[in-house]
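Here are some notes to read alongside the structure. Please keep the 3D view open and go through the points in order.

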Amino acid sequence: DRGFTRIGGIFKRDDRQGHERFRGVCDGLAQSGKSLPDDQVCWFGTESRGTLFQEEDTCRLMEEIAGGKGPEAIVCYNDEVAFGLVKCLLSAGRRVPEDVAVVSFDNSNLSWISQVPITSLSYEDRNIGRIAAQKLVDILDGRDVSSEVLPWTFIQKESS
């Protein structure tokens with residue numbers, strides 16, 4: 001809705017949540033007639049989280065951003081990744097959101113204390129705890145349980 005045409009992403013490859021978030025972003029973009037090109041997506045694993053912005057794919061993406069060829073907006077796996085990305089972009093002389101918009105998932109405290117507060121998708125924490133506890137009780141009582149998908153709320157901040 002904000003007019004971005006070159007969109008990229010940074011997602012975690014070694015957990016289901018990373019793939020589900022990637023799929024959700026792709027589905028949302030497809031509904032708007034857009035796509036998330038493979039060469040604009042960086043994948044990282046748990047073992048490399050601390051060096052994410054030194055990895056080859058991420059460095060390539062950052063170089064493209066610096067050269068004006070990369071994404072205008074980047075969707076991050078979570079606020080921790082977005083926090084690091086904002087810091088990296090600002091250190092490289094890029095402006096957020098003027099040069100690159102950043103959006104993430106979880107709406108954690110990191111999204112609020114970032115140098116540029118990060119737009120983030122939020123879920124209702126109290127519902128997750130209540131639902132998880134109820135499912136645990138149901139399992140312990142021998143009842144069948146199933147997965148449940150909770151809705152996200154888009155929390156607009158200064159990074160997009």
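The points below start with the sheet, move on to one strand and the helices, and end with the loops.

1. The model is predicted. Its strands include an open sheet of 6, in the order β2-β1-β3-β4-β5-β6, and the pairing is mixed. The strands at the edges are β2 (41–44) and β6 (153–155); each has a single partner strand, so one side of each is left without a neighbour in the sheet. On average, neighbouring strands are turned by 15° against each other, direction ignored.

2. The mixed pairing can be followed strand by strand. β1 pairs with β3 in the parallel sense over 4 bridges, and Ile 7 has Ala 73 in β3 as its bridge partner. β1 also pairs with β2 in the parallel sense, over 4 bridges; here the bridge partner of Ile 10 is Cys 42 in β2. Strand β5 (residues 119–122), by contrast, pairs with β6 in the antiparallel sense over 3 bridges. Ser 120 has Ile 155 in β6 as its bridge partner.

3. How many residues of β1 are buried? The count is 6 of 6, so β1 is largely enclosed by the rest of the structure. In a regular strand, side chains alternate between the two faces of the sheet. On one side of β1 are Ile 7, Gly 9 and Phe 11, and on the other are Gly 8, Ile 10 and Lys 12; all are buried, and both faces are covered.

4. Helix α1 (residues 16–31) lies across β1 (7–12), β2, β3 (73–76) and β4 (101–105), and runs at about 160° to β1. With its 16 residues, α1 reaches 22 Å from its first C-alpha to its last, close to the 22 Å expected at 1.5 Å a residue. Together, β1, α1 and β2 make a right-handed β-α-β unit.

5. Which residues of α1 are buried? They are Gly 18, Arg 21, Val 25 and Leu 29. These residues cover an arc of only 70° around the axis, which puts them on the same side of α1. An α-helix has 3.6 residues a turn, so residues three or four places apart point the same way. The buried residues of α1 pack against β1, β2, β3 and β4. Exposed residues Arg 16, Ala 30 and Gln 31 are on the face of α1 turned away from its buried side. Just after α1, Gly 33 has a positive phi of about 75°.

6. Helix α3 (residues 79–91) lies across β1, β2, β3, β4 and β5. The direction of α3 is at about 160° to β4.

7. Most residues other than glycine have a negative phi, and most peptide bonds are trans. In the loop between α3 and β4 is Pro 97, which is joined to Val 96 by a cis peptide bond with omega of about 10°. The loop between β4 and α4 (109–113) holds Asp 106, and Asn 107 is placed in that loop between β4 and α4 too. Phi is positive in both non-glycine residues: near 105° for Asp 106 and near 50° for Asn 107.

8. Is Asn 107 buried or exposed? The relative accessible area of Asn 107 is 18%. Buried means under 20%, so Asn 107 counts as buried.

Terms used:
Residues numbered from 1 in each chain as written. Predicted model: local features only at pLDDT ≥ 70, side-chain atom pairs only at ≥ 80, totals over all residues. Heavy atoms only, no water. Pairing = 2+ DSSP bridges. Helix = DSSP H or I, 4+ residues; strand = E, 2+ residues; numbered from the N terminus. Axes fitted to C-alpha atoms, helices over the stretch in contact; angles between N-to-C directions. Contact = heavy atoms within 4.5 Å. Expected span 1.5 Å × (residues − 1). Buried < 20%, exposed > 50% of the residue type's maximum accessible area, 1.4 Å probe, protein only. Arc of directions from axis to C-beta. Right-handed = clockwise from strand over helix to strand, strands pointing away.
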